[in-house]
Amino acid sequence: MIHPKKISLLLRSLSPRKAWNLGKLLLSYHFSRYRGRNLHLGMPMKIGFEPTTSCNLRCPECPSGLRSFTRPTGMSDLQLFQSVMDQLYKDLIYLLIYFQGEPYLNPDFLNMVAYARKKGVYTGTSTNGHFLTEEKARQTIESGLSELIVSIDGTTQETYQAYRVGGKLEKVKEGVKRLVAAREAMGAKHPFIILQFLVVRPNEHQIEEVKALGKELGVDKVAFKTAQIYDYEQGSDLIPTIDRYSRYKQLPDGSYRIKNKLHNQCWKLWHGAEITWDGRVLPCCFDKDAKYEMGILTEKRFSEIWRSAPYDDFRAQLLRSRKAIDICQNCTEGTQIWG
């Protein structure tokens, strides 16, 4: 269930045009889903934009943390971001200024937020919380950021650093406190602050503790996220023992498979897209290495790419056999926990 405060912030970004566009997306998605034939109407209602691939941490299941990208890495510039927003803002409801990397490392990150907010778009991001100084907390409020997800995957330093390698738990907690205090002092209702707990085996015993920590810090919501494991078939020390918080199911022979049945449908392919720091348009956030690049925004407008033959072919392929697409093999669509 969506939190009432988040609903209130989202409603401020709606318009009759955006509602009509959403209706077209839903209509064409359900037609395609039930008929097994690609029909696509409307423009994206949600976009993920990548400010940077850089990160200060070295998380073991993250391409940014492992420095393992096969695509180009770098930092997006404000001009590209503004060009994207100018093309999409009239239909866009939700903008996640995040894909890979730590967004606060891009010096233009909060300028991007401010630009999108002036265009009437609900903006969110995800951070590891190490850069929320008093100044950055104040600037975050001033930017108009609608939603901030702070990853805090442990309630003790030992547990936290088991996944957030190189991170300092106390620094994250202090940053969240500063943000909550700044929001109160400035009389703002934004951002909606989510404390996100990635459930892995080393921290699963602290689920109740992180709920209490969320209350102590004054955040709006504590959310639990299942962990993506790249090589999961033979198991991993990170796969939780609590079934509810695992994407994977152990088979009688001891191997693992993903719980998702991978039906030939996916709402993500109809309602949104990802844009990398250098303007590559991707169909899904699971395409972390841009294997299925649909086009580059430095060469074409977004609408050309969104309506292109490669994009239509990809959607049609998914409707025929989603299991045949490799980036779908570890997909969380329908397997996330937000409680």
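**A cavity, a pocket and a pair of helices**

The largest cavity here has a volume of about 50 Å³, and please keep in mind from the outset that what we are looking at is a predicted model. When the whole structure is searched for cavities of 30 Å³ or more, 1 is found. Around the largest cavity you will find Cys266, Leu269, Cys284, Phe314, Leu318, Arg322, Ile327, Cys328 and Cys331 as its lining. Sorted by class, that lining consists of 8 nonpolar residues and 1 charged residue, with no polar ones.

Let me turn now to a pocket. The second largest pocket has a volume of about 310 Å³, and 14 residues line it, with Gln228, Tyr230, Phe286, Lys288 and Asp289 lying nearest its centre. In the lining of this second largest pocket, 6 residues are nonpolar, 3 are polar and 5 are charged.

My last topic is a pair of helices. Two packed helices are described by the angle between their axes and by the distance between those axes. Helix H5, which covers residues 109–118, packs against helix H6, residues 134–143, at an angle of about 20°, and their axes are 8 Å apart. Angles under 35 degrees count as roughly parallel, and therefore H5 and H6 are roughly parallel to each other. Which residues in H5 and H6 meet? On the H5 side they are Leu110, Val113, Ala114 and Arg117, and on the H6 side they are Lys136, Gln139, Thr140 and Ser143. Taken by class, the residues of this contact of H5 with H6 divide into 3 nonpolar, 3 polar and 2 charged.

Technical notes: Residues are numbered from 1 along each chain as its sequence is written. This is a predicted model: local features need pLDDT of at least 70, side-chain atom pairs count only at pLDDT 80 or more; totals for chains, interfaces and linings use all residues. Side-chain values use heavy atoms; hydrogens and water are left out. Axes are lines fitted to C-alpha atoms, for helices over the stretch in contact, and angles run from 0 to 180 degrees between N-to-C directions. Helices (H or I, at least four residues) and strands (E, at least two) are DSSP runs, numbered from the N terminus. Angles under 35 degrees count as roughly parallel, over 145 as roughly antiparallel, 65 to 115 as roughly perpendicular and the rest as oblique. Contact means heavy atoms within 4.5 Å. Ala, Val, Leu, Ile, Met, Phe, Trp, Tyr, Cys and Pro count as nonpolar, Asp, Glu, Lys and Arg as charged, and the others, Gly among them, as polar. On a 1 Å grid over the protein atoms alone, a cavity is a set of points where a 1.4 Å probe fits but cannot get out, and a pocket is an open set with protein on both sides within 12 Å along at least five of seven lines; lining residues have an atom within 4 Å of a point. Grid points are joined across faces, edges and corners, and a volume is the space filled by probe spheres set on the points.
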